[in-house]
Protein chains: 4
Amino acid sequence: MTRKTTEIRSDIAWSTPEKIGVHGYDLTEDLMGRVNFGDMAYLSVTGDLPDANTSRMFNAILLTLVEHGMVPSTIAARMTYIGAPESMQAAVAAGLLGLGTVFVGSTEGAAKMLKAALPDPKADADLDALAQQIVREHRERKAIVPGLGHPVHKPVDPRSVRLFAVAKETGIAGPYVDLMQRVSREAEAATGKSLPVNATGAIGALVCEMGLPWEAARGLGVMARAVGLVGHILEEARRPMSMELWHRVEDEASSEVRGKLRGK
Amino acid sequence: MTRKTTEIRSDIAWSTPEKIGVHGYDLTEDLMGRVNFGDMAYLSVTGDLPDANTSRMFNAILLTLVEHGMVPSTIAARMTYIGAPESMQAAVAAGLLGLGTVFVGSTEGAAKMLKAALPDPKADADLDALAQQIVREHRERKAIVPGLGHPVHKPVDPRSVRLFAVAKETGIAGPYVDLMQRVSREAEAATGKSLPVNATGAIGALVCEMGLPWEAARGLGVMARAVGLVGHILEEARRPMSMELWHRVEDEASSEVRGKLRGK
Amino acid sequence: MTRKTTEIRSDIAWSTPEKIGVHGYDLTEDLMGRVNFGDMAYLSVTGDLPDANTSRMFNAILLTLVEHGMVPSTIAARMTYIGAPESMQAAVAAGLLGLGTVFVGSTEGAAKMLKAALPDPKADADLDALAQQIVREHRERKAIVPGLGHPVHKPVDPRSVRLFAVAKETGIAGPYVDLMQRVSREAEAATGKSLPVNATGAIGALVCEMGLPWEAARGLGVMARAVGLVGHILEEARRPMSMELWHRVEDEASSEVRGKLRGK
Amino acid sequence: MTRKTTEIRSDIAWSTPEKIGVHGYDLTEDLMGRVNFGDMAYLSVTGDLPDANTSRMFNAILLTLVEHGMVPSTIAARMTYIGAPESMQAAVAAGLLGLGTVFVGSTEGAAKMLKAALPDPKADADLDALAQQIVREHRERKAIVPGLGHPVHKPVDPRSVRLFAVAKETGIAGPYVDLMQRVSREAEAATGKSLPVNATGAIGALVCEMGLPWEAARGLGVMARAVGLVGHILEEARRPMSMELWHRVEDEASSEVRGKLRGK
């Protein structure tokens, strides 16, 4: 019945009346006014500030998923805002909740897949053989390979092209980028379909190159979309669309069943 | 019964197979690899990229609220994560939901108050008279003045000091910063308490100086905390505290009522 | 620096290996298999089980807000589900987040207004005078009277009619129901518009009649909608509409701005 | 480029000025004042009202998960409430977000497992062989069998005992209840540990017996907890614990790292 108590400890931040420490930096002196928001995000994820190349790459990754226009998460956020305009934070939260296995969260799948196939990036590996194995295994269990294909962006996803270009310029591209591209070619050969590396696949590969844990991959998309969702809510406040959309849906969705009451 | 249909329109972003446009910029060519995450956030909020001074100020504002250690929102996020570790986005969302009128969302109150007192920043206004009026009105309706005081950071909030210093260096400080500071002095004189401008008050004033709508104020805090919350969840995954905290709360909270069943 | 520790205590429930106590009842022996879900909700809100009349009234109130078809909250929930189908709880949560001041949460406004006007239901009050005062005060500050009017249900809201009928049959109707109806008549006379007591106004009045705190009013709507939202998500899983809706919105919303890149 | 439009349709509810139809029932005439909240939940999930036995069973299931005291989801909800007391719905939503694979959502795992093992409840199946196979397969892939074991409730979970008793009394118990119990015995024999059918395992089995889709299993827990969470927030409003809990966590968690600034 007597439970052994364990420690409750967080090493992220502390504060005194005069100072706030964040991962060993003085928030006001070392960070505010000196460091950009993307580098602060890198600090939150890794515990360290990035060097110049890493900063450029990491900021580019974050920018990738900020905005893709009217997508399910932005619709959910706007629909929430019109019911609770006093709680903008709730509308953003509603938009984030859909970033699961189907959208954005799929970065995680690609990162996990690549890291599992190649645990040590310095190992001397046959990347073609790994790519073939990945595609074969997914086909055998009728699973889709994460990080490939896009309904709109074909035959290539311009975001992946740009991310891989920045990765090359910054010296961050390595075996995971290479492997992800081989997986794409292998999958295209096996299926005859256009299956380019999409933005979430590219981000998954770059998360591995940068040595981040795969759990971080989804987190980067969440940070990015939080920024974009605020923009959508401010637009909804200025130029509303959600009331109109609601009425259209209601009019169309329930028209056929009107009047059918049981036993009448 | 026939409803007049209105337009559904968003001017934020569009995409074609080859390109994604965001506020008139080519996402991959103009933004990714060139612009930092804070500037992208400014673009999301205002529709334009910032100049160098505005960028420095805006990034500093965003950094202010990323991290304040173990606060209610980080506890809520961690508690959510241990029940649904497969849905990191939900844990972040849970953490954001508490950014209401009491914490972080209070930026909004300060921005509204200052903008209402001084609708035109170029008007020739008696700031002392405005500050007195603000404090008097809040005292009359027994309301607290938003943006003043902090349980830990006294006699000054180091984040406000730093924000106002950056505002001066970048030429962004103006009548709203001035007014907010006079409101603080006036409130301290009227109450005899230590009521420095806190971080949310400083951000409220700077949102006004930058010409952002007051609705944006809360949004900046939401963006910032989304970043910090991802960091907390990654730490919870590496070094868990929430199971321990849960058991401690459960043991203490319900101990006194054990065994009291009605009629037994 | 040394903080005085206060107690952490909850009197709602406790558990031992063999038993779970909830508000003094043995969950498995006294409640499960004996008590309906609405009565359990009443126990959660008040700490006691209801008598037969109160049970009938309370269950009727809960039923009122379970379902109103395709409304903003159901659209938000479905849009969330298609991105994270592995997290049904997150889709329900997204749907609940819009139950703020505009929809459903407005029960709270009516309850607060009535309770403030008539703190003691046994007092000998001039209800007509109170109704006139309520309407006059709202008109003076250009505020809408909570609990009146509905875009679809006119000249009466059938849910209020039914709720008030059950209130009469169960002996629960009293001065708050009376006052709410007078407020409606007064507002209609003052504005010349159709402003019947709507469902949220009726629930607000009944929350007062039952002696519940006004904070409970919004909570009843939240419970009710959680039930309805699960139904919508199960329908979305069987007969999807959200992908189609997303594509329609995307096609229409961004069509006009395609191709306008700055400086090109 | 031209997309084929498909139908947007929901058969759950419709409304006219005078009437609201829900699954073919007149909400105000057929349901309000006649049907309890649990039966309305059954209608939301299945599209039909339950008979007396089904009603008793379904209400008992819903009651099971309403309340288990101070658990992670109730802590998350309370922590959210103190930051945004104006948005009770957001606090409830925060509490629901943790109902994932670890807690409550595990009902789903049990339902899926049983339905996969025995797709047709009328089939003449060797339940012992199925139970052995389930346990063996889970052990081979080092997965835990869903629906078994509880940290507090041992050697039996009193909620399962009660649910199975009601299932027997109502004639709802069948092969899935039987199979779930055999799986428990088999797992206990294989591991030597106490692995009774827990509440989520019992609910998973009963969801199968009642012919509900496995997706509904998690939904029942979500409905139930929404009710319990409202109760916790009302208690937090009356007797706060979250501010105290926050300060304790903050004091303990960050004490060791105070003062360690890099390069100082």
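**From one arginine to a shared interface**

In this predicted model, the side chain of Arg218(A) makes a polar contact with the side chain of Gln89(B), at 2.7 Å. Arg218(A) lies in helix 11 of chain A, which covers residues 215-238, and with a relative accessibility of 3% this arginine counts as buried, because the cut-off for that word is under 20%. Leaving aside residues up to four places away in sequence, Arg218(A) touches residues of its own chain, among them Leu99(A), Thr107(A) and Glu108(A), and it also touches Glu86(B), Ser87(B), Met88(B) and Gln89(B) of chain B as well as Glu86(C) of chain C.

The pair of chains A and B can now be considered as a whole. The size of an interface is often given as the accessible area lost when the parts come together. For chain B and chain A this buried area is about 7,400 Å², and 67% of it is on carbon and sulfur atoms. The contact involves 86 residues from chain B and 87 residues from chain A.

Which interactions cross this interface? Between chain B and chain A there are 2 salt bridges, one of them joining the side chains of Asp11(A) and Arg239(B), with 3.1 Å from N to O.

How are the two copies arranged? Two copies of a chain are related by a rotation about an axis and a shift along it. Chain B is superposed on chain A by a rotation of 180° with 0.0 Å of shift along the axis, at an RMSD of 0.0 Å, and that is the relation of a two-fold axis. In chain B, the C-alpha of Ala93(B) is the nearest to this axis, 2.3 Å from it. Because 100% of the interface residues of chain B are also interface residues in chain A, the copies meet through the same surface.

Helix 5 of chain D (residues 88-96) has 9 of its 9 residues buried, so it is largely enclosed by the rest of the structure; the buried residues include Met88(D), Gln89(D) and Ala93(D). They pack against helix 4 and helix 5 of chain B, helix 5 and helix 11 of chain C, and helix 4 and helix 11 of chain D.

Note on methods:
Residues are numbered from 1 along each chain as its sequence is written. Chains are lettered from A and ligands numbered from 1 in the order in which they are written. This is a predicted model: local features need pLDDT of at least 70, side-chain atom pairs count only at pLDDT 80 or more; totals for chains, interfaces and linings use all residues. Side-chain values use heavy atoms; hydrogens and water are left out. Contact means heavy atoms within 4.5 Å. Buried area is the accessible area (1.4 Å probe) that two parts lose on being put together, summed over both. A salt bridge is a side-chain nitrogen of Lys or Arg within 4 Å of a carboxyl oxygen of Asp or Glu. Copies are superposed by least squares on the C-alpha atoms of residues with pLDDT of at least 70 in both. Buried means under 20% relative accessible area, exposed over 50%, partly exposed in between (1.4 Å probe, protein chains only). Helices (H or I, at least four residues) and strands (E, at least two) are DSSP runs, numbered from the N terminus. A polar contact is a pair of N or O atoms within 3.5 Å; within protein, one must be able to donate a hydrogen and the other to accept it, and residues adjacent in sequence count only if both atoms are side-chain atoms.
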